[in-house]
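Come along and read with me.

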Amino acid sequence: MDYLQIKGGAKLSGEVAISGAKNATLPLIALTLLAKNTVVLDNIPNVADIKTLVQLLTNLGAKCEFLTPNSLKINTNAIHSTKANYDIVRKMRASILVLGPLLARFGHCEVSLPGGCAIGQRPIDLHLSALEKMGANIEIKDGYVIATAPDGLKGARIVFDKITVTGSENIIMAAALAKGTTHLINVAKEPEVVQLCEILAAAGVEITGVATDELVIKGSAKSLLNIADFAVIPDRIEAATYLCAGAITNSKITITKSNPAHLVAILTKLEQMGFGFEILEDKIIILPAKKVKPCDIVTTEYPGFPTDAQAQFMALALTAQGVSTIDERLFENRFMHVSELSRMGADIGLNGHIAHIQGGLELNATDVMATDLRASSALVLAALVAKGVTRVHRIYHLDRGYENLELKFKALGADITRLSE
């Protein structure tokens, strides 16, 4: 099993290119289930989660070919199965994204209840209740969601009880092939959801309200779509992670191939902490702070502060002069990295979903263990400033969502090596 060995204390400099967004690529791979043509996806990240979903589609009968590590060609015309087996779905929660497209296209599917990072309960009841409103029959049996809609899905008015990104994506795709008009209320507005809508609109689906919390979608009545080739948007969470790397080492670095408009909440918080920026189209240069100030963060849905950047900012807050607070509103188990940071000398107090981080204490290198994707990156960031050599274990979590992480950090000047144990 691989681990990362990181010697702390190095200043960073130079440029790092941001990869395509994992969380945008996954629903867009599922979207190809609605296509009657071959679709090429460019700027996809070369990470484990993408390969997992590609394997799932391949098992269903799709023809998938990586033209390059960052370009993927998919044709779903030869799909011969609508059962997404546990062996694949258990590895990644986002596998549930095939539920809506499969049901809308074939009128039947069986999808294993999902797995993925253990960061708290993320029930799919919102997906299922929405599909039921669209005419589906849903049964949970032997760990599988068995969904049928022999007469096809029908447009409906659906109000999501709470904002759900994958739920929004699943039902948007289902609505694209439904009969009639679907009105979705309280839809997620994340950039990944917006790109999905834009690609559907370009394929001829009548969809209004894109980038708002209300969508009206006129379905094609099971007529497959002609989806044009496209490039995936930049990964805003990867961008946030490298911005935090520049900040925690108080270094001037440049991230390229990013979209600053997707990072407003991140940049605002970094600015409050004392860091400066130069923004040039798709480049962001972070400038060192004279003094790193503590911050108060509340995670919420886009365009608010993303829960996927909470762990990275907790690591950064350890370098601030004072006490920072993080209020995690979305996932109840997303402080699992606290115990590992504490092993490095961090002083972090937990009171339910609120963390109090005492900044300014020296961190010491030690062996730490990754518990989920974003927690892993927080440990890497802390190791950059810890005294001594830190070993971060179980980095298969990192490999799910970060492309060439150690190579990108090395290019910035970090003393980081991937080793096997």
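I call a residue buried under 20% relative accessible area, exposed over 50% and partly exposed in between, with a 1.4 Å probe and protein chains only. This is a predicted model, where local features need pLDDT of at least 70 and side-chain atom pairs pLDDT 80 or more, while totals for chains, interfaces and linings use all residues. Residues are numbered from 1 along each chain as its sequence is written, and side-chain values use heavy atoms, without hydrogens and water.

**Rings.** I paired rings of Phe, Tyr and Trp (its six-membered ring) with centres within 6.5 Å; planes under 30 degrees apart are stacked, over 60 edge-to-face, the rest tilted. I found two aromatic pairs by this rule. Y242 and F409 have ring centres 5.0 Å apart and planes at 45°, so I noted that pair as tilted. Both Y242 and F409 are buried. For F305 and F313, the centres are 5.0 Å apart and the planes at 85°, so this pair is edge-to-face. F305 counts as buried at 6% relative accessibility, and F313 does too, at 0%.

**Cavities.** On a 1 Å grid over the protein atoms alone, I took a cavity as a set of points where a 1.4 Å probe fits but cannot get out; lining residues have an atom within 4 Å of a point. A volume is the space filled by probe spheres set on the points, which are joined across faces, edges and corners. How many cavities of 30 Å³ or more does the whole structure hold? I found two. The largest has about 40 Å³ of space, and its lining is L56, N59, K83, A84, N85 and I88.

Terms used:
1 Å grid on protein atoms, 1.4 Å probe; cavity = no way out; pocket = protein on both sides within 12 Å on 5 of 7 lines; lining within 4 Å.
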